[in-house]
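Hi,

Here is the structure I promised to pass on. Have a look at it first, then read my notes below.

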Amino acid sequence: MARTINKSRAHQLLEDLYGRLNRSDYIHPDPLETALHFRNQHDREVAALLAALFALGRVDLILDYLKRLFIILDEPYAMLRSSRPQDLRDMISRRGYRVFSYDRLIDLLSAIASVLRRYGS
């Protein structure tokens, strides 16, 4: 027989779990931890998106790649928003990342840049 729980009780249980587990020291080694290094909310948003998109395979390699990428894009929101595809080609080394060829990587960053310019976030 299935046990039922009312909506209010479920909400409270989830809030309690969130309160106990929503701590930045629990995030390692998730690639999303790279977003926490940014103070600016827009930079965090872009960094989190990139971290999620590149989260394929071994976490140590993902973190290494993101670390190198964010040395180049040290203000990802402003840098992508103001960059054109050729600017990105000049900034990013001529290597891809896992399933992303160099050209696809530039296309991806350019598409994100376009969205940031058009919608701001």
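Below is what turned up, starting with the aromatic rings.

A word on the source: this is a predicted model, where local features need pLDDT of at least 70, side-chain atom pairs count only at pLDDT 80 or more, and totals for chains, interfaces and linings use all residues. Residues are numbered from 1 along each chain as its sequence is written, and side-chain values use heavy atoms, with hydrogens and water left out.

There are 5 aromatic pairs (rings of Phe, Tyr and Trp, the last by its six-membered ring, with centres within 6.5 Å; planes under 30 degrees apart are stacked, over 60 edge-to-face, the rest tilted). One of them is F54 with Y65, edge-to-face at 5.4 Å between centres and 80° between planes. F54 sits in the loop between α2 (41-53) and α3 (59-72), while Y65 is in helix α3, 11 residues away (helices are DSSP runs of H or I, at least four residues, numbered from the N terminus). Both F54 and Y65 are buried (under 20% relative accessible area; exposed is over 50%, partly exposed in between, with a 1.4 Å probe and protein chains only).

Y65 has another partner: its ring centre is 4.2 Å from that of Y97 and the planes are at 25°, so this pair is stacked. Y97 is in the loop between α5 (85-91) and α6 (102-119), so the pair ties together parts 32 residues apart in sequence. Y97 is buried too. F54, Y65, Y97 and F100 make up one aromatic cluster.

Now for a contrast: L14, in helix α1 (residues 7-21), counts as exposed because its relative accessibility is 57%.

Cheers

Technical notes: Helix = DSSP H or I, 4+ residues; strand = E, 2+ residues; numbered from the N terminus.
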